[in-house]
Amino acid sequence: MQFKRDLNDIVAQAIMNREPVIIVEGKDDHQIYRAILHETTTNASVYQVNEFENYGAGCDNVIKCIAYLQKKIEERPQNIQYILGIIDRDARPYRPLQETEINYRTLKGIFILKYYSIETYFATSHNLKKLLARLTYVSENDIPQTVVDLLIDNIHATFDNLYWISLEALRNACDTKYEAEIGYSEHHNGRGVVEYKAQQRLLSQILPKKEALQVFANDTIGVSIDDLKLICNGKWYLFNYIYHANSKMKELSSACKNQRFQQCSSCQVGNFEDCLYAMKTIYKNNSISSLVDEIQTFIDREECLDIIERIETLA
């Protein structure tokens, strides 16, 4: 029989060996934070919180775990350098703390992301360029910014719908009595929030509430569409980003031939059938979900700087 890890033993070893412990919400986060760790000079171990006895997966359990470790942190000032729990921002800043909840704001050794959740950190032109190089034959260094700009051109036009959907989910998270059309846990991978038919059905239910949602946004929680990354589920945001870019990726070879941007070396000499912007066969029929997974293997150091700098404060 396999036994879970003993939290006290792991933390004691971390302090003794001077190798910090980073505790994350679940399996989706483990690989991401291991990759981010490579961008730092810190030698640390990353654990999913549910690897420990008496803890399940998720944000609440990371908070519970770090709350339990407060005595260990307070034993010696140096111990704060060996313990870090990382959690998504989620909807917490917008809803009142329940009597039964731990006050995460007062905990030492916890770090809260700047966006609703980690996936939003991957929706950048830096990562999109890397993804394009993975899917096609063109070298990353040969992709001009004009091509990346073309892929995300007019993406802001999609934010309005995402904003109203996110507001509906946020109000649901803040008011247990509210009869919502969607919650953050629904359509968790983003498909039903982004794909046209499903999104239109959802919006047809939400937009009649638009005026009330606007009052909620302005007067109750003080957000606007400029705060979309703070209130939009990161999976929805990233799925929308890739969904928008993917259709244009498939047109790049034709655009290159027609000189809509600086042509690749093949098209410059008329070898249009060998255009470097053609999709590799293995990726031609890839789903949006698989591309979302793919882009999360790249780390945009500038975007992730808040996480990197916090990890760098560890021993």
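The largest pocket is lined by 20 residues, and D88, D90, Y116, Y184 and N233 lie nearest its centre. This is a predicted model, in which local features need pLDDT of at least 70 and side-chain atom pairs count only at pLDDT 80 or more, while totals for chains, interfaces and linings use all residues. Residues are numbered from 1 along each chain as its sequence is written, and side-chain values use heavy atoms, with hydrogens and water left out.

**The largest pocket**
- About 500 Å³ of space lies in the largest pocket; a volume is the space filled by probe spheres set on grid points, which are joined across faces, edges and corners.
- On a 1 Å grid over the protein atoms alone, a pocket is an open set of points with protein on both sides within 12 Å along at least five of seven lines, and lining residues have an atom within 4 Å of a point.
- The elements that give two or more residues to the lining of the largest pocket are α2 (27-37) and α7 (159-174); helices are DSSP runs (H or I, at least four residues), numbered from the N terminus.
- By class, this lining has five nonpolar, six polar and nine charged residues, where Ala, Val, Leu, Ile, Met, Phe, Trp, Tyr, Cys and Pro count as nonpolar, Asp, Glu, Lys and Arg as charged, and the others, Gly among them, as polar.

**The second largest pocket**
- The second largest pocket holds about 360 Å³ of space, and D28, K235, V292, D293 and Q296 are the closest to its centre of the 15 residues that line it.
- At least two lining residues come from each of α2, α12 and α15 (288-295), with α2 giving the largest share, four residues.
- The lining divides into four nonpolar, six polar and five charged residues.

**The cavity**
- One cavity of 30 Å³ or more turns up in a search of the whole structure; a cavity is a set of points where a 1.4 Å probe fits but cannot get out.
- The largest cavity has about 40 Å³ of space, and its lining is made up of L135, N246, K250, M279, Y283, K284, N286 and L291.

**Where α5 meets α12**
- S125, L128, L131, L132 and L135 in α5 meet Y241, I242, A245 and M249 in α12, with contact meaning heavy atoms within 4.5 Å.
- This contact has eight nonpolar, one polar and no charged residues.
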